[in-house]
Amino acid sequence: MRAGLSRERILDAALEYLDAHGLPALSMRKLGAHLGVEAMTLYHYLPNKDALLDGLVDRVMELAFAGLDEPVPGEAGSWAPWMRRFAHSLRAALLAHPGVLPLVATRPVSSPDAMRMSERWLAAMRAAGLPLGLAMDVVNVMATFTIGHTLAEVGRTPGHEGSESDFDQHADQLDPHEFPNLTEIVATRAGLDFDHRFAQAVDILLAGYVALGRA
């Protein structure tokens, strides 16, 4: 252990840095300064910046699924409520660390630990009655939907503030005669509840896959 460091501690510090400053600001030198060590010390645990970025994706997945049990093997249909917990756990972790969203959206999860976790999930989903191909589709669709929804929900990841327009910023420019529905949405917030929208969409997707698995 160098300077009290570990790979996990470095990645957690990098998550803190991303949440505060955003991905464009991250470098090994700045992360080292954040931890109070020279950048060269970090290379003992993470050989280059690509390894750091991949590690960040793996770490946020570890945090997301740390308390997630696997589907009950042999219990038909147990994969569906499990997948609901999967989606909500992933969203919660991404909302807690919005700075990592650009990485999660663009870099695959391919570490040995992540591959073993995926293997266990797929085996349990098959044992719970889902064909292998459909199980893989469900995991991918639910993960990509959750990531995309959370990106839209966050709107601006740290380091990109001011780069995207906000609907409410243009509310006073809406002519209620030309845009009566949009004006009503601004006034009532109808359809703008991200929690409700996410939960409803997850339930609809799962209901469709449950029906498909029975076909």
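Predicted model: local features only at pLDDT ≥ 70, side-chain atom pairs only at ≥ 80, totals over all residues.
User: Let's start with helix H7. How many residues does H7 have, and what span does it reach?

Analyst: H7 covers residues 112-127, which makes 16 residues. From first C-alpha to last it reaches 23 Å, close to the 22 Å expected at 1.5 Å a residue.

User: Which residues of H7 are buried?

Analyst: Those are Ala-114, Met-117, Trp-121, Leu-122, Ala-124 and Met-125. Looking down the axis of H7, you find the buried residues within an arc of 165 degrees, so they line one face of the helix. Turned away from that buried side are the exposed residues Pro-112, Met-115 and Glu-119.

User: What covers the buried residues of H7?

Analyst: The cover includes helix H4 (49-65), helix H5 (79-96) and helix H8 (132-154). While you are there, look just after H7: Gly-129 takes a positive phi of about 105 degrees.

User: Now the core. Which residues have the most contacts inside the largest nonpolar core?

Analyst: The general idea is that in soluble globular proteins, nonpolar side chains tend to be buried together. Here the largest nonpolar core has 58 residues, and Leu-56 and Phe-86 have the most contacts inside it. Take Leu-56: setting aside neighbours within four places in sequence, Leu-56 is in contact with Leu-11, Ala-14, Leu-15, Leu-18, Leu-26, Val-100 and Leu-103.

User: And charged pairs: how many salt bridges does a search of the whole structure find?

Analyst: In general, side chains of opposite charge can pair when their charged atoms come close. The search finds 10 salt bridges here. In one of them, the side chains of Asp-54 and Arg-107 meet at 2.8 Å, N to O. That pair links distant parts of the chain, 53 residues apart: Asp-54 is in helix H4, and Arg-107 is in the loop between helix H6 (101-106) and H7.

User: Which residue forms a salt bridge with Arg-84, and where do the two lie?

Analyst: The partner is Asp-203, with the closest N and O atoms 2.8 Å apart. Asp-203 lies in helix H10 (residues 194-214) and Arg-84 in helix H5, so the pair ties together parts 119 residues apart in sequence. Asp-203 is partly exposed at 36% relative accessible area, and Arg-84 is partly exposed at 31%.

User: Which residue pairs with Arg-116 in a salt bridge?

Analyst: That is Asp-113, with the closest N and O atoms 2.6 Å apart. Both are in helix H7, three residues apart, and are separated by about one helical turn.

User: Which residues are linked in a network of salt bridges?

Analyst: Glu-8, Asp-12, Arg-59 and Glu-62 form such a network.

Key: Residues numbered from 1 in each chain as written. Heavy atoms only, no water. Helix = DSSP H or I, 4+ residues; strand = E, 2+ residues; numbered from the N terminus. Expected span 1.5 Å × (residues − 1). Buried < 20%, exposed > 50% of the residue type's maximum accessible area, 1.4 Å probe, protein only. Arc of directions from axis to C-beta. Contact = heavy atoms within 4.5 Å. Core = buried A, V, L, I, M, F, W, Y, C linked by side-chain atoms within 4.5 Å. Salt bridge = Lys/Arg side-chain N within 4 Å of Asp/Glu carboxyl O.
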